[in-house]
Amino acid sequence: MPALRWAADVPSTRGSVIGLVILVGLAGILIPVLPGLILEVAAVLLWAGLTGGARAWAVAIGAVLVAAIAQVVKFLIPGRRLRTAGIPKATLYVAGALAIVGFFVVPLIGAPIGFVAGTYLAERRRVGHDRAWPSTKASLGAVGLSIGIELAAGLLVAAAWLVAVIWLT
């Protein structure tokens with residue numbers, strides 16, 4: 001019966017479920033089928049609400065701040081790189097529109113594919129095939145950088161939660 005007693009240990013089970021949700025959130029960052037960072041922050045907020053205490057809420061507020069900063073940075077830095085590469089805003093609008101379409105057409109990886117395809121198509125129309133390829137490579141780099149920024153934030157949130165769980169117990 002020790003297994004039944006362990007299963008009835010609500011804080012352990014709760015922590016395991018929240019840890020699993022955080023892992024799913026990290027996977028959602030890499031495979032954009034779920035809003036990964038938002039899922040992680042929601043799990044940390046739920047954990048803080050169930051755990052209570054100043055330390056738990058400090059970690060939750062930190063997670064919210066890290067996620068908010070990451071959301072801003074993941075648009076500013078790659079966007080600046082695209083503008084530095086000479087990609088006009090009109091191309092970015094087309095790329096963004098095709099990213100939205102791609103998200104619904106190809107559920108797992110459609111948004112990045114749509115963004116890159118939109119960049120290529122708009123640049124090909126604007127400057128021709130040969131000069132469109134460098135812009136497309138720049139957009140691939142921007143997509144990778146954006147995912148990297150969000151993943152770094154997600155790992156930071158997960159690590160902060162894990163340290164807090166170990167520290168608080």
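Residues are numbered from 1 along each chain as its sequence is written. Because the model is predicted, local features need pLDDT of at least 70 and side-chain atom pairs count only at pLDDT 80 or more, while totals for chains, interfaces and linings use all residues; side-chain values use heavy atoms, with hydrogens and water left out.

At 44% relative accessibility, Leu 140 counts as partly exposed, a class that lies between buried (under 20% relative accessible area) and exposed (over 50%), with a 1.4 Å probe and protein chains only. Leu 140 and Phe 115 are 25 residues apart in sequence, yet their C-alpha atoms are 8.6 Å apart in space. Ala 159 is also found in helix H7 and is partly exposed, with a relative accessible area of 40%. From Ala 159 to His 129 there are 30 residues in sequence and 45 Å in space, C-alpha to C-alpha.

Now turn to H4, which covers residues 54-84. Its 31 residues should span 45 Å at 1.5 Å a residue, and its end C-alpha atoms are 44 Å apart, which agrees; the expected span is 1.5 Å times one less than the number of residues. The buried residues of H4 include Ala 56, Val 59, Ala 60, Ala 63, Ala 67 and Ala 70. An α-helix has 3.6 residues a turn, so residues three or four places apart point the same way. The buried residues of H4 pack against helix H3 (36-51), helix H5 (89-105), helix H6 (110-127) and helix H7 (129-168), where contact means heavy atoms within 4.5 Å.

Where does its side chain make a polar contact? The partner is the side chain of Glu 150, at 2.7 Å. A polar contact is a pair of N or O atoms within 3.5 Å; within protein, one must be able to donate a hydrogen and the other to accept it, and residues adjacent in sequence count only if both atoms are side-chain atoms. Not counting residues up to four places away in sequence, Lys 74 touches Ser 146, Ile 149 and Glu 150.

Helix H2 (10-30), H3, H4, H5, H6 and H7 each supply at least two residues of the lining, and H5 gives the most, with eight.

Next comes H6, whose 18 residues reach 25 Å from the first C-alpha to the last, close to the 26 Å expected at 1.5 Å a residue. The buried residues of H6 pack against H4, H5 and H7; among them are Gly 118 and Thr 119. Gly 118 has a relative accessible area of 0%, and its C-alpha lies 3.9 Å from that of Ala 95, 23 residues away in sequence. Gly 118 touches Val 94, Ala 95 and Leu 98, not counting residues up to four places away in sequence. Thr 119 is buried as well, with a relative accessible area of 1%, and a polar atom of its side chain lies 2.9 Å from the backbone oxygen of Phe 115.

Finally, look at the ends of two helices. Just after H6, Gly 128 takes a positive phi of about 95°. Just after H4, Gly 86 takes a positive phi of about 90°. Gly 86 sits in the loop between H4 and H5 and is partly exposed, at 41% relative accessible area. The C-alpha atoms of Gly 86 and Ser 135 are separated by 7.7 Å, with the two residues 49 apart along the chain.

Methods. Helices (H or I, at least four residues) and strands (E, at least two) are DSSP runs, numbered from the N terminus.
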